[in-house]
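Here are my notes on the model you sent over. Have the structure open while you read.

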Amino acid sequence: MIELAPSILSADFSQLGAQAQAAIAGGGTILHIDVMDGHFVPNITIGPPVVSSLRKAVPDVPFDCHLMIENPDDYISAFAEAGANWISVHQEACVHLNRTLHLIALHGCKPAVVLNPATPLHALDEVLDIVHHVLVMSVNPGFGAQKFIPGSLRKIETLARLRESRGLSFRIEVDGGVDLTTIADVVRAGAELLVAGNAVFSHGDIGDNAKKLLHAARAATMARA
Ligand code: DX5
Ligand code: ZN
């Protein structure tokens, strides 16, 4: 099932609750929350207190916390308590990835793993059976509004084939540079959880932007079928 996950990274943080609500009203069914520590990526963003405040404004949709941080094990309980439902960690940041994914599940959240553009899929071979979703980065993480890396499409296609051949059920999420010019391609490649920040929050009407993206994504699914 195709779902839009608006990424609040590009929202106006002084109006975070209202803007997140507008994106949900436009059809977003997951809220994507980018957590950056200034070490794993060269930027600092959101911590647990913001997640917990946002939870009050948006009580009903899953919070998809994308941890772009070193030592994620140290922060999983704080994000779970703040209201995260899904927690994803970077393969590149986890020395003991299997342990980290189990720790996320132990805190009642859905565990997920993220791959940077330069990391090959086979790095996930041993954990694909224990993740709720795999997040394929289609930009180098750290900033919103970057240009989509076209090679990500092949990676998504290969991942979808791998899932089928192994009879697994993880979902495939894509993050970075997803907009009206790229969304049909990522859907045709096999992505179903579509993160979009800049394309939802940076211009025009937030609800309309979300609607248009979902419409384009669904049209691509029909073309695929
Ligand atoms: C980038 C973040 C993304 C970002 C995507 O490091 O992980 O979630 O918000 O932003 P856009 O959709 O603007 O490329
Ligand atoms: Zn993200």
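The points below cover the zinc site and then the pocket.

1. Ground rules: this is a predicted model, where local features need pLDDT of at least 70, side-chain atom pairs count only at pLDDT 80 or more, and totals for linings use all residues. Residues are numbered from 1 along each chain as its sequence is written, ligands are numbered from 1 in the order in which they are written, and side-chain values use heavy atoms, with hydrogens and water left out.

2. Look at the zinc ion (ligand 2) to start. Its protein donors (N, O and S atoms within 2.8 Å of the metal) are His32 through NE2, Asp34 and Asp175 through OD, and His66 through ND1, at 2.0 to 2.3 Å. In sequence, the spacing reads H-x1-D-x31-H-x108-D.

3. Asp34 sits in strand β2 and His66 in strand β3 (residues 63–68), so to speak a link between distant parts of the chain, 32 residues apart; strands here are DSSP E runs of at least two residues, and helices are H or I runs of at least four. Both Asp34 and His66 are buried (under 20% relative accessible area, 1.4 Å probe, protein chains only).

4. Now the largest pocket, with a volume of about 400 Å³. A pocket is an open set of points on a 1 Å grid, where a 1.4 Å probe fits, with protein on both sides within 12 Å along at least five of seven lines; lining residues have an atom within 4 Å of a point. The volume is the space filled by probe spheres set on the points.

5. Of its 33 lining residues, Ala145, Gly177, Val178, Gly197 and Asn198 are the closest to the centre. Helix α8 gives the most to the lining, three residues.

Note on methods. Donors = N, O, S within 2.8 Å, 3.2 Å for Na, K, Ca; no water. Buried < 20%, exposed > 50% of the residue type's maximum accessible area, 1.4 Å probe, protein only.
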